[in-house]
Amino acid sequence: MTQDLSKQSNRLQEGGRIDRAKPLTFTYNGKQYKGFEGDTLASALLANGVDIVGRSFKYSRPRGIVAAGAEEPNAIMQIGSTEATQIPNVRATQQSLYAGLVASSTNGWPNVDMDLMGLVGKVGGKMMPPGFYYKTFMYPKSMWETYESYIRKAAGLGRAPKENDPDIYDKMNQHCDLLIVGAGPAGLAAALSAARAGARVIIADEQSEFGGSLLSSKETLNGKPAAEWVAEVVQELSGCADVLMLPNSQVNGYHDHNFLTIQQHCTDQFADRAPNGQIAQRLHRVRAKWVILATGAHERPLVYGNNDIPGCMVANAVSTYINRYGVVPGKDLVLMTSNDNAYRAALDWHDAGRRVVAIVDSRKNPKGTFVEAARERGISILVGSGVIEAHGNKRVTGVSIAPLNEAGDAVVGPIVKMAADTVATSGGWSPVIHLSCHTGARPVWNDDILGFTPGKTYQKQLTAGAINGAFSTAAALSEGFSAASDALSHLGLAKPERVLPEAEQIQESKAMALFHLPHTKPTSKAPKQFVDYQNDVTAAGIELACREGFESIEHVKRYTAMGFGTDQGKLGNINGMAIAAKILKQTIPQTGTTIFRPNYTPVTFGAIAGRDCGELFDPKRYTAMHAWHVERGAKFEDVGQWKRAWYYPKGNETMQEALNRECLATRESVGILDASTLGKIDIQGKDAREFLGRVYTNAWAKLPVGKCRYGLMCGEDGMVFDDGVTSCLAENHFLMTTTTGGAARVLSWLEIYHQTEWPELEVYFTSVTDHWSTMTISGPNSRKLLEKLTDYDVSKDNMAFMDWKSMTVAGVPARVFRISFTGELSFEINVQANYGMHVWKALFEQGEEFNLTPYGTETMHILRAEKGFIIAGQDTDGSVHPFDLGMSWAVSMQKPFSFIGKRGMQREDCVRENRKQLVGLKTIDPNVVLPEGAQGVFDPKAPIPMPMVGHVTSSYWSANLNRSVAMGFVKGGLDKMGQKVFYPLADGRVIEAEICSPVFLDPKGERQHV
Amino acid sequence: MFHIYCPHCCEYREEEEFHVAGQAHIARPLDPDACTDKEWGEFMYFRANPRGIHHELWVHGAGCRKYFNVTRDTQTYEIKEVYKVGEKPSVVADDVK
Amino acid sequence: MSDVTVAAELKTEPKLVTNQLPAAEIMGESPLHHADLESVAKHGPQEGGVHFHERKLMGLLTLRCMPSAEQQEVIKSLLGVALPMQPLTSVTADDSPIGKVSVRWVSPDEWLIIMVGEKAFELETSFFEKLMGHYSLVNISGGTTIFNVSGRHVVDMLKKSTPVDLHASEFPVGKVVSTVFAKSGAMICRVAEDQFELVVRRSFADYLWLWIQDASREYGLVVHH
């Protein structure tokens, strides 16, 4: 197990931006290794000579590190030293190394070096052509779950932790004049110019350090190493109060109206767990007046035979590992290129003291600064040739090189084999246009740079540098400055002075359009030529898809799964499109490109959730008496966001026992309900009465001051959506109550009609839901209880049913409403909420002699069901009008104004025969409680599917009646009193019930009038 | 995530402060009782779904609670203008002009 | 009962205005009563980047009106300061007829008037007596509380909570906005460079108090009583 920890066979003695004085120990696949501060996990693995970082998805082939940034398709790691801190889907190229980091490869089962799937893979590969899922695994459908678990296990896409993540994730809203994405030469030049002009700037970069490409090359600025200029800029920016610098931060989404999301890695770049109190990751939600995309470009690898053997890399990644991390990822290099730029990899390799076997250039006559530099070093250059195949198994051992024709699509001479352990390739650069695509811009092909650049945008967006194809440092700096100048002038800020460092002058000869190297065998027979490493999509696979008739690039993508991986095909997509274009005999712009969507790289669920989890997942609303309910041992029910007392079990009572006790106590003596959650709306103005008449179905013109009235509210379709009692406080002053869940909706309903339809009505609505604590005392002894707490005359003569009065209760000014939802003598006491608890407690002090019993929402439901009172939202569902509910008494068709719902409830379908109507349901066996939701039928012996006639909406055990009570809809039910309806249940029982009046108790309503 | 200028608060606010309330300028018939079922059905249920310029009613729910109109391009999501209830849009689709 | 009712028995009055407060010996419980901020203040940290204080049991009235010039004059005499007609602005007066008062714009026809709790009924009564025409004045003191938050990291804490731009150039002292706060809402007023007042609804107060504690954790939270 133990290795020589100091041994980093590929580490250079000097150079790079790592700190050799700060060694760090980390674990990869159970083995310990050493790296240095400044390493990424990928650079540290390469330093230690780790070749294989995963197994491929379909064919289970060994895979190594290919790239050095976000585009890496293979080195996808599971990170975390404990179960709770597991993070899947981390690119080793983007994970900073820290002491104690524990990583494991996610592709490869049971392990990457000795893979059982390898055997299957070799056979299975033949069985897994493109369209594999569609063709094979969809049938038979019932087997899908089996297939899926097999595929998932084999594919090993990482796993979620089984324990709660202990870290804190956070979100922060940001606003700025200018958001600059990318801190390479273009981004830094832009940031500096904008900061000097006094703009509010955010500059974000996914890397741990600002500098971008400047950190990976040997270029100079002002004659000094480029990194020195970077350091100067960073220092100046950090002194600006209105500049926010975000390293380790991926701008992951670009949304409408310049809204962008940035995932900042705060501590997970240097620790497994965030130090106490610190934030692990923060999602910045940015609204930017202007955006500059300076996202750079990704180098394209070339597609050739066995181009996935570990040791095959992108040319620029080789330079990055050497220059930035002091790591040479091999000994003998073959560079395959179609352009000058990639020569730098060979120069860096050579200068690091290792052997460059050959540079293979597809062009006949390359010349330019880098080409000359290679010649000066005596590096062998094979022109007009291509690497058509790599050899090896777990590491490259050599390559086959062949002369190519002018177009680069045919082998025209004998093959030469050369030994090498590393193949670096470059087919040119693809601008990183992903963010520009997020808002719907279609990329545009540019023949000069052989890549797609950002298309027309409707956002306040500018682009600068390599994203536009301005690949040289000098051009990137200049474009960064220009973009900032444009943004500043749009923002109305003064243009800055043009102060840019002097970059080296580099001559480059024209690049050749080369994507896919030919082989001596046809593509379908040649060794696998990978286009998309993550999804094992090959050139042959794309050819097959095109031959099978998939001509749209979007269809090719879906059929082959190209670009479907977590890397979204950052490396492979352009090559894939070029191959499809060639087979379809059209140009790349004719073929088009697929569009990238958010997010640019995978985002953790933690960053998305932020602090909206646990106790803060959703607001919990409490009444002023909540602490009392808790102390009394109440069970709570969620009603909207409210926590309402559900029932109050005593001792070992079951729920039903508690409900029975609460129900009996209320009807026998007095119970109390915390009704504070009911919506309450203060309505004032001389047209208040008129307005009520328009929004309620019944009449309000003559309601006297001091009186309360029940009302139904309908939509324009005539269907009931809320109900409640509204009281006339004074001539032009009303208090409306709504259901708990409907409060906000009703207030919006009143406002929209007032603001858009009837602005001429003089009326104002103000929510007072939270202002009043409401406690309902109900039962024959409720008056006696109230009398103990007030001097006011609450006798029947002075305070009749549906009256309200101002009085003092327990020393607190109160508005008391004699309304009833239980059918009992009831008083609804409202006091300013800061005094709710005082009055509630006083009621209990005085209520002992009456066995004052608190009851919750469940008992409330039972008591009202015994009386046949509906609950809007339970006994209504948006498809029933007042007549369906048997509540024609609550509708006044004579009102002069055509109230909301009137026309709707007179539509043909609303007045037809045999609509479902709400009725009482009396089970033949009184001990059986119908399940709510059960569907009724008239003939239980009818063949299935039986004609259904309506469902049970409310059903309870009534302790007061010693039997079950229920309400439900029955077709034509109001005309079917006494008839039978049957409820066949899933468990085979058929419950028989008789249709009856929904009023089970006190049908004459005498109890509430005492 | 839209950035919406509230014509009452007179500044831009984030979409999460607002709610859309459907197509703008759907006036309630002045005499509903005189409407046929078809006319009433048109008023209640039938809405335009244009590609391009569209007028919508929004409410600044978390802010001033005022309703107002938005002219929006349903293709580009650009907001062309906002205007108060009772006002007419200045930007309209070509086929409406 | 005559002490609590001005208009309830006068059936011809257009509006009902009643004193809603009991005698002073009955103690009101603010929405954060259960959090026992007094002992948190005593035993909790004394240093940190965010400071928190509940201005409890204040008097808050919602005024709805499209005031005519005449109405504006009357309102000015009652408040001791003119209604702020500019959107998103607020005014304060130290020596109004009801003592210190803060008036905050909510919408073109809505203002929030804040004063000490005991003065709310007095102001309601003077409006009732002196202000004619169409308006509504509603006491919301029991349904609302005020969080005062301050400190050198107060803006950072608020940036986690609300999407409004709090940069001093966009949000100067005196500005007031109604907006989203966490998954609830708040009216936010900047009362000093690093000090804000959040007017929040009673039922959401506990959620928002938990939220502020959590959002302040990385900066340290100091509670004052």
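Over residues 527-611 of chain A, the chain is 44% helix and 6% strand, and the end C-alpha atoms lie 50 Å apart; helices (H or I, at least four residues) and strands (E, at least two) are DSSP runs, numbered from the N terminus. An unreviewed UniProt entry annotates residues 527-611 of chain A as "domain: SoxA A3", with positions given in the numbering used here, feature names shortened, and annotations that may be inferred rather than shown by experiment.

The model is predicted, so that local features need pLDDT of at least 70 and side-chain atom pairs count only at pLDDT 80 or more, while totals for chains, interfaces and linings use all residues. Residues are numbered from 1 along each chain as its sequence is written, and chains are lettered from A and ligands numbered from 1 in the order in which they are written.

| Domain of chain A | Residues |
|---|---|
| domain 1 | 1-160 |
| domain 2 | 168-297 + 431-491 |
| domain 3 | 301-426 |
| domain 4 | 521-599 |
| domain 5 | 679-767 |
| domain 6 | 913-1009 |

The C-alpha centres of domain 3 and domain 6 of chain A are 82 Å apart.

Helix α19 of chain A (residues 688-695) is largely enclosed by the rest of the structure, because six of its eight residues are buried; a residue is buried if 20 or more other C-beta atoms lie within 10 Å of its own, exposed if 12 or fewer, and partly exposed in between, with C-beta atoms placed from the backbone. Among the buried residues of α19(A) are Phe691(A), Leu692(A) and Val695(A), and the buried residues of this helix pack against β34 (679-684), β35 (708-714), β36 (720-730), β37 (733-738) and α20 (743-757) of chain A.

β34(A) also pairs with β38(A) in the antiparallel sense over four bridges, where pairing requires that DSSP finds at least two bridges between two strands. Ile683(A) stands opposite Phe765(A) in β38(A). From β38(A), Tyr764(A) and Thr766(A) point one way and Phe765(A) and Ser767(A) the other, and all are buried.

The contact between chains A and C takes 52 residues from chain A and 54 residues from chain C, two residues being in contact if their C-beta atoms, placed from the backbone, lie within 7 Å. On the side of chain A that touches chain C, β34, β36 and β38 (764-767) are among the elements that each supply at least two residues, whereas β8(A) gives the most, with five residues.

Methods: Domain bounds come from an automatic or database domain assignment.
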